[in-house]
Amino acid sequence: MFVGLTVLLMDSVYLIELPGKMFLPNINVYLINCDEPVLIDAGYGFQESTEKLLHEIKRITGSRGLEKVVVTHAHPDHFAGTAVLKRELNVSVAAHKLAVPVLSDLKKLAINYYGFENNVSSFIKLFLQGLCKAEPINVDVVLNENDEIKVGEYSLRVIHTPGHTPCHISLYLEEKEVLFSGDVVVGEGATWIGLPCGDVAVYIDSLKKLLKMKLKLILPAHGPVIYDPKKRIKELIRRKLSREEEIVRLLQEKPRTVEELALALYNEQDRYRLLWLLNVVKAYLKDLEKKGRIVYRWEKGKKIYSVK
């Protein structure tokens, strides 16, 4: 049975760890217990996750309930739980303007963010609705860069940080120099950047944007709290650029397909995970193509990549 952490971090900001399932990771959501409580992200929609979330909200906020959920981006570990919160607590949902069309239409989400054009119905049924228990969500408050969300005596400033997805936002509590980073900065490992919605160059630009900000603390959606923000951000930039150099070295050895590169890079034997990793490799290749470092040719219906 999943227990997970619920921790008071600072000034009425609670970290609530919610469960994943199978290959789906656990996720941190953040509850700001002010006069009109605000939740940042909502976890998955399955019962084990939503029951814990509802329990913690009621325990922490009491009769104040929950006023608003801010969704950092349109991935089901961040938004699927909002449908239950809308029904149970009558909350409003806020998200970036680019999230609105994909949150309200699972078909658009499956095609534009996951690339499942041919088997879209199966993907929605098995993954989005089946495993994640996601439902279409209507956004009540449409957010743009530098919009502010009141949280008691303070405000959360919206920082558009695309690259992981086009609609990704982080939330900056400027008075405390704290960033709620969603998936743009994770506490361990690295952020998943994969086609069709991920863009390595745009992601690195978002990280460089965050480097210019005054940050004492980063509260990520995955992994531990980050107490040295600049060091962690620089590490994530290095990891992405290092992976690109690794791809170039592999292509210097010999031309390769996307599948061959994925196997060489990740040594992943699980067929399902390999499908996801192919999109990651494609995102790196797209960036390297833009930089003019690699080219490809068609051979027997497949792209064969080589250094330029």
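This is a predicted model: local features need pLDDT of at least 70, side-chain atom pairs count only at pLDDT 80 or more; totals for chains, interfaces and linings use all residues.

Between which two elements does the loop that holds aspartate 41 lie?

1. Aspartate 41 is found in the loop between β4 (38-40) and α1 (47-61). Phi of aspartate 41 is near 70 degrees, a positive value in a residue other than glycine. With a relative accessible area of 1%, aspartate 41 is buried.

2. Aspartate 11 also has a positive phi, about 30 degrees, although it is not a glycine. Its place is the loop between β1 and β2, where these strands form a hairpin with two residues between them. Aspartate 11 counts as partly exposed, at 48% relative accessibility.

3. Strand β2 (residues 13-18) has a neighbour in β1 and another in β3. Strand β1 (residues 6-10) runs antiparallel to β2 and is joined to it by four bridges. Strand β3 (residues 27-32) is likewise antiparallel to β2, with six bridges between them. Tyrosine 14 takes part in both pairings: it is the bridge partner of leucine 8, and it stands opposite leucine 31 in β3.

4. How many of the six residues of strand β2 are buried? Six of the six are, so the strand is largely enclosed by the rest of the structure. In a regular strand, side chains alternate between the two faces of the sheet. In β2 both faces are covered: Val13, Leu15 and Glu17 are buried on one side, and Tyr14, Ile16 and Leu18 on the other. Glu17, a charged residue, is thus listed among the buried positions.

5. A further sheet is open and consists of five strands in the order β8-β9-β10-β11-β12, with mixed pairing. Its edges are β8 (148-151) and β12 (217-220); each has a single partner strand, so one side of each is left without a neighbour in the sheet. From one strand to the next, the twist averages 25 degrees. The partner of β8 is strand β9 (residues 154-160), antiparallel to it and joined by four bridges. Within this pairing, lysine 150 stands opposite serine 155.

6. Valine 158 belongs to strand β9 and is buried, with a relative accessible area of 0%. Leaving aside residues up to four places away in sequence, valine 158 touches Leu143, Asn144, Glu145, Asn146, Asp147, Ile149, Ile169, Ser170 and Leu171. The C-alpha atoms of valine 158 and aspartate 147 are separated by 5.3 Å, the two residues being 11 apart along the chain.

7. The peptide bond from leucine 195 to proline 196 deserves a check: it is cis, with omega near 10 degrees. Proline 196 is placed in the loop between β11 (178-182) and α7.

8. How do the helices α7 and α8 run relative to each other? The axes of α7 (residues 200-211) and α8 (residues 229-253) come within 10 Å and cross at roughly 160 degrees. Angles over 145 degrees count as roughly antiparallel, and α7 and α8 are therefore roughly antiparallel to each other. The crossing is left-handed. On the α7 side, the contact is made by Val200, Tyr203, Ile204, Leu207, Lys208, Leu210 and Leu211. Helix α8 contributes Lys230, Ile233, Lys234, Leu236, Ile237, Lys240, Leu241 and Glu244. These contact residues divide into 10 nonpolar, no polar and five charged.

Conventions: Residues are numbered from 1 along each chain as its sequence is written. Side-chain values use heavy atoms; hydrogens and water are left out. Two strands pair if DSSP finds at least two bridges between them. Axes are lines fitted to C-alpha atoms, for helices over the stretch in contact, and angles run from 0 to 180 degrees between N-to-C directions. Buried means under 20% relative accessible area, exposed over 50%, partly exposed in between (1.4 Å probe, protein chains only). Contact means heavy atoms within 4.5 Å. Angles under 35 degrees count as roughly parallel, over 145 as roughly antiparallel, 65 to 115 as roughly perpendicular and the rest as oblique. A crossing is left-handed if the near helix is turned anticlockwise from the far one by less than a right angle, and right-handed if clockwise.
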